[in-house]
Amino acid sequence: MSNNVKLKKGFDIKLVGEAAESIAKNIDTPTTFAIKPEDFPGMIRPKAVVKVGEKVKAGDPILIDGKLEEVKYTSPVSGEIVEIQRGERRKLLAVVVKADAQVEYKEFPVKPIDQVSKEEAQAILLESGVWPQLVRRPYAIVANPSDSPRAVFVSAFDSHPLAPNFEFTLKGQESYIQAGIDVLKKFTPKVYLGLNGSKSSALFDGLAGVEKNKFSGPHPAGNVGVQIHHTAPVTSGNDVVWTISPEGLAQVGKLFKEGKYDAKRIIAVAGPKVDTPEYVETYAGVNLETISAAKIKGDNVRVISGNVLTGYAVGKKGFLGYYSNMVTALEEGNKARFFLSDGWLAPITSRLSFHKAFGLLGSTSKKYALDTNTNGQDRPFAVTGSFEKVVPMDIYPMYLLKAILAYDYENMEALGIYEVAEEDLALCEFIDVSKHDIQKIVRQGLDTMRLD
Amino acid sequence: MKFIHDLIEKQKPMFEKGGKLEKLYYVFEAGETFMFTPPDVTKAKGVQVRDAVDLKRVMMTVVIALIPAIIFGLWNVGYQHHIATGEAASLGEQFLIGLQLSLPIIIVSYAAGGTVEAAFAVFRNHPITEGFLVTGILIPLVLPATIPLWQVALASAFAVLVAKEVFGGVGMNILNVALTARAFLYFAYPAAISGDKVWTYLGDAAPVDGFTGATFLGLAVEAQNQGVAVADFVGKTAHWASDPLSLFIGTIPGSIGETSALMCLIGALVLIWTKVADYRIIVSGVLGALAMGALLNVFAGDAEAVKNGVEGAKYYAYLDMPSYYHLIIGGFAFGIVFMATDPVSASQTNNGKWIYGALIGVMTVIIRVLNPAYPEGIMLAILLMNVLAPLIDHYVVNANKKRRLKRATV
């Protein structure tokens with residue numbers, strides 16, 4: 001029996017530059033790849049376990065968290081370690097690998113999945129570098145090997161702006177995804193799959209061993225946190241569930257069927273500043289230099305690893321994040337605007353707004369070429385009632401955020417901190433009249449609860 | 001426009017750290033960001049695009065919603081002057097008199113409150129926010145045109161200081177700032193705001209025969225004392241038309257901006273359509289007032305019996321007034337549309353807003369009818385509910401917490 005959950009709350013940010021379903025050719029092969037501790041918010045003490053000049057295969061560990069050493073973060077490609085980037089106070093920023101022309105894979109044991117024990121499976125996942133694909137709720141951090149999760153949740157669609165279509169990026173990988181599910185069933189009694197309620201799926205509809213639920217409505221209907229809330233909500237700090245993306249599932253399946261850590265990934269390169277937006281086949285952690293050179297127009301451009309809500313700016317020569325499934329390019333909005341011509345008192349149609357305040361005449365159904373301007377400055381919370389309209393959960397976002405800012409543990413707990421991750425409140429940050437960094441506040445709250 | 005921006009940018013170093021006028025940085029910044037939406041871009045982490053809205057635009061929407069009430073109010077000041085003195089005058093002349101009287105009040109209100117606001121920004125080192133854009137115009141609109149300017153200055157400064165800044169500034173206040181200004185004058189200088197003589201500007205001219213300076217609310221109390229139906233009594237006593245249509249349109253004496261329910265209705269539609277004000281508060285406020293008015297009708301007694309001298313019969317004319325009158329007399333419409341919906345001092349949860357609005361409606365009618373010492377109830381009702389709003393929200397949010405907790409045991 002599957003449920004069909006229709007969500008009304010939320011908001012779709014429509015942008016120009018959607019990726020066409022084709023794979024870009026004529027892009028020079030990228031040479032460097034990196035793994036970055038900042039992609040793992042739960043990581044306490046990142047440590048490089050290789051030295052510059054060392055040779056590695058795809059699947060060889062290059063980074064660990066000193067506080068959780070069992071989990072290995074491994075090289076996505078084979079090659080030579082060329083740089084260990086550090087920032088202020090020697091903070092580890094990235095471990096960079098220069099790729100070989102042909103990727104060599106570290107070999108992991110292959111056995112029929114039904115003969116693999118939970119302990120064996122865990123050891124392989126941890127050693128291969130696939131483990132970090134498993135994310136733990138509450139807190140939205142890499143799963144802890146000592147967890148015994150109540151369930152694993154997978155969202156089968158990404159509803160973020162310009163997000164890639166899994167039906168295209170994972171085409172033909174049904175058997176790997178099924179194998180991934182079979183492996184995860186060793187860790188948990190239940191695997192839930194959240195399907196897009198408005199379309200049928202060639203990729204996911206045939207999967208077995210999962211409980212399927214359908215979700216339809218505007219973003220964040222595809223967020224796994226929202227789906228958990230409407231299926232079997234996380235109710236306390238000890239009520240552990242795991243989440244994993246469909247790409248992650250395929251990676252798990254491939255690891256057990258073929259014995260290798262395959263970090264290959266088809267990413268969408270999209271957004272208003274992209275020349276013929278389409279997909280690019282590459283590996284996790286790729287340096288975006290060659291992709292930028294071939295695809296991105298103009299100089300005053302922001303290149304984002306991920307989507308415009310939850311991604312982060314990396315620059316034209318930055319590295320793609322571990323979890324990012326797309327690159328977005330936008331114009332930087334670093335221009336002052338006169339208040340009567342296109343500033344705060346002028347009627348404008350070229351900028352999207354969830355609100356309808358005076359002069360905001362743009363329709364929400366048209367596609368926009370938004371830039372990165374903040375369209376205003378940081379102000380105290382003054383407007384009420386709008387956050388609730390974009391969070392399809394029984395949660396009062398404003399009260400939760402205020403509890404976080406006040407370090408009020410009891411209220412954070414009672415108001416639902418365990419149910420949210422940054423991405424679930426990202427729309428609040430977009431629509432916020434007062435321009436607060438809401439995702440940062442959410443992470444602060446999650447850290448407070450986790451580390452106290 | 002780039003050259004203007006460059007010109008302003010050139011002055012910036014003077015106000016920045018180490019500059020001669022660094023203390024005034026936020027005053028400079030307020031001016032600059034008023035002229036130009038700054039070239040600030042989103043941070044590397046967090047959302048990469050932001051909604052086109054900002055607080056300036058939201059506040060400006062409220063000011064725009066107020067424009068019909070302002071224009072009508074200015075004209076009505078002159079109109080009331082002319083019908084009180086019996087002079088004939090053109091529309092333009094009436095508007096001009098209103099402008100002459102009201103403009104200084106508006107300017108003083110902005111200047112006094114704005115100065116306090118800017119001073120706090122300078123001392124506390126934070127940006128000057130846009131909240132006062134609305135407060136500064138709301139204060140004059142709830143005052144009579146005859147108010148002495150020094151009182152306006154005092155009230156505006158007092159309200160910003162005591163209602164807002166001591167609580168931490170915009171977004172932190174408990175009471176509506178503009179209403180605090182009015183309440184301050186109401187209790188500190190009652191003669192200038194609640195007397196019978198203050199509502200209509202006479203100038204040097206002598207009033208017409210039968211002139212009464214009282215508002216409908218004052219006359220309603222008087223009608224009750226005399227045991228005559230309110231509408232009949234006001235109709236006979238007042239030198240201005242007091243049929244429901246005139247009351248709705250607002251050609252009656254009262255504070256500058258509050259007399260016209262029609263203009264408030266237009267403002268309400270603007271605010272509801274733009275979603276800047278929550279319709280829940282307005283709708284439930286109106287329903288609350290109507291319900292309370294209707295309930296009081298039940299206890300009004302029997303006018304016929306009193307007339308016929310039936311022993312023990314009593315008649316309370318004010319209780320007997322049709323409840324829809326409450327929506328079109330006094331400042332109810334203005335208060336429920338522009339004051340009660342201030343998001344900072346109102347309830348913040350949707351369910352809370354229904355309760356908050358309804359109680360404002362109910363309290364307004366109770367204070368008006370049952371407490372003759374305060375003819376206008378809306379001001380006190382809103383201030384009272386401002387204080388109670390966090391309590392309402394507390395219970396609404398608690399229900400949410402309980403719901404979550406219950407799920408845990410399932």
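Modeller: This is a predicted model. Taken over C-alpha atoms, the centres of domain 1 and domain 2 of chain B are 22 Å apart. Domain 1 of chain B covers 56–194, and domain 2 covers 216–400.

Biologist: How many residues does the contact take from domain 1 of chain B and from domain 2 of chain B?

Modeller: Domain 1 of chain B supplies 38 residues and domain 2 of chain B supplies 35 residues.

Biologist: And how is the size of an interface given?

Modeller: Often as the accessible area that is lost when the parts come together. Here, domain 1 and domain 2 of chain B bury about 3000 Å² between them, and carbon and sulfur atoms give 74% of that area.

Biologist: Which residues in domain 1 of chain B lose the most area to domain 2 of chain B?

Modeller: They are Phe72(B), Asn176(B) and Leu179(B), which together account for 18% of what the domain 1 side buries.

Biologist: Which elements give two or more residues to the domain 1 side?

Modeller: In chain B these are helix H3 (55–85), helix H4 (91–124), helix H5 (131–141) and helix H7 (177–188). H3(B) gives the most, with 16 residues.

Biologist: How do the residues of that side divide into nonpolar, polar and charged?

Modeller: The side of domain 1 of chain B that touches domain 2 has 28 nonpolar residues, nine polar and one charged.

Notes:
Residues are numbered from 1 along each chain as its sequence is written. Chains are lettered from A and ligands numbered from 1 in the order in which they are written. This is a predicted model: local features need pLDDT of at least 70, side-chain atom pairs count only at pLDDT 80 or more; totals for chains, interfaces and linings use all residues. Side-chain values use heavy atoms; hydrogens and water are left out. Domain bounds come from an automatic or database domain assignment. Contact means heavy atoms within 4.5 Å. Buried area is the accessible area (1.4 Å probe) that two parts lose on being put together, summed over both. Helices (H or I, at least four residues) and strands (E, at least two) are DSSP runs, numbered from the N terminus. Ala, Val, Leu, Ile, Met, Phe, Trp, Tyr, Cys and Pro count as nonpolar, Asp, Glu, Lys and Arg as charged, and the others, Gly among them, as polar.
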